[in-house]
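Subject: The structure you asked about

Hello! Here is the structure to look through, with the sequence alongside. My notes follow below.

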Amino acid sequence: MTIDFQAGLFCDVAIEVPPLAGRVNRITLSRGAWIDLVPDWIRGADEVFPRLVEGIPWKSERREMYERTVDVPRLLCMYGEGEALPDPVLTQARDELNRHYADELGEGFVTAGCCYYRDGRDSVAWHGDRIGRSRSEDTMVAIVSFGAPRHLSLRPVGGTLHGSYPLGHGDLIVMGGSCQRTWEHAILKTAKPVGPRVSVQFRPHNVF
């Protein structure tokens, strides 16, 4: 698979997953929702990016939408509970997320959904992860991004765009509290030239 990707300025640093303590910036939203942001959390993330692109068995999917079957505009791969992750850096990241959020979340992150956005035409529409317990319970979804930044947009359900956050090069965002029920997020299509990005979404049991 060809990778058209321009690495960041610090691509030659050693790969490391630092502790989250003291690094997290929490932003309170509304309706009981919040997000945590940690820019450049995974050090050497641009070295990991091609390993994920080449090592993950990406699949294209088709889904029913608006009474017709359409291609999902990104490539996907899901790692369920108990499945080995495709790179040791992802295992280290999940372990550190579990250490940092153990008391607040009350359980561990156990699944990893991977998305490969090849260019600006790949996207995910406005949604919340509301399948399973997240439909009625507060929870967390942690997203680590590798590759070129893409803007993750946020808005309250029924509201207008609140803001967007360029995520790539090892950045972390954690959406918590009521965020999946009362807010929506998206990676919107763009005509601007953008490089490829891989996002890895860590979720607790029965949250999709």
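Which residue in S11 is the bridge partner of Leu37? It is Ile173. Before going further, please note that this is a predicted model, where local features need pLDDT of at least 70, side-chain atom pairs count only at pLDDT 80 or more, and totals for chains, interfaces and linings use all residues. Residues are numbered from 1 along each chain as its sequence is written, and side-chain values use heavy atoms, with hydrogens and water left out.

Strand S2 (residues 33-38) and S11 pair in the antiparallel sense through six bridges. Helices (H or I, at least four residues) and strands (E, at least two) are DSSP runs, numbered from the N terminus, and two strands pair if DSSP finds at least two bridges between them. Both strands belong to an open sheet of seven strands, in the order S1-S2-S11-S8-S13-S6-S5, with antiparallel pairing. At its edges are strand S1 (25-28) and strand S5 (75-79), each pairing on one side only. From one strand to the next, the twist averages 20 degrees.

Helix H2 (residues 88-105) lies across S1, S2, S8, S11 and S13, and runs at about 40 degrees to S13. For such angles, axes are lines fitted to C-alpha atoms, for helices over the stretch in contact, and the angles run from 0 to 180 degrees between N-to-C directions. Contact means heavy atoms within 4.5 Å.

**Ser178**

Ser178 sits in the loop between strand S11 (172-177) and helix H3 (179-182). Ser178 counts as buried because its relative accessibility is 2%; buried means under 20% relative accessible area, exposed over 50%, and partly exposed in between (1.4 Å probe, protein chains only). Leaving aside neighbours within four places in sequence, Ser178 is in contact with Ser30, Arg31, Gly32, Ala33, Asp138 and Trp183. Glu137 is 41 residues from Ser178 along the chain, and their C-alpha atoms are separated by 7.3 Å.

**The four-stranded sheet**

There is also an open sheet of four strands, ordered S7-S12-S9-S10, with antiparallel pairing. Strand S7 (124-127) and strand S10 (163-167) are the edge strands, each pairing on one side only. Within this sheet, strand S9 (residues 150-156) and strand S12 (residues 183-187) run antiparallel and are joined by five bridges. Ser153 stands opposite Ala186 in S12.

**One more residue**

Phe208 is found in the segment after S13, and counts as partly exposed because its relative accessibility is 40%.

Happy exploring!
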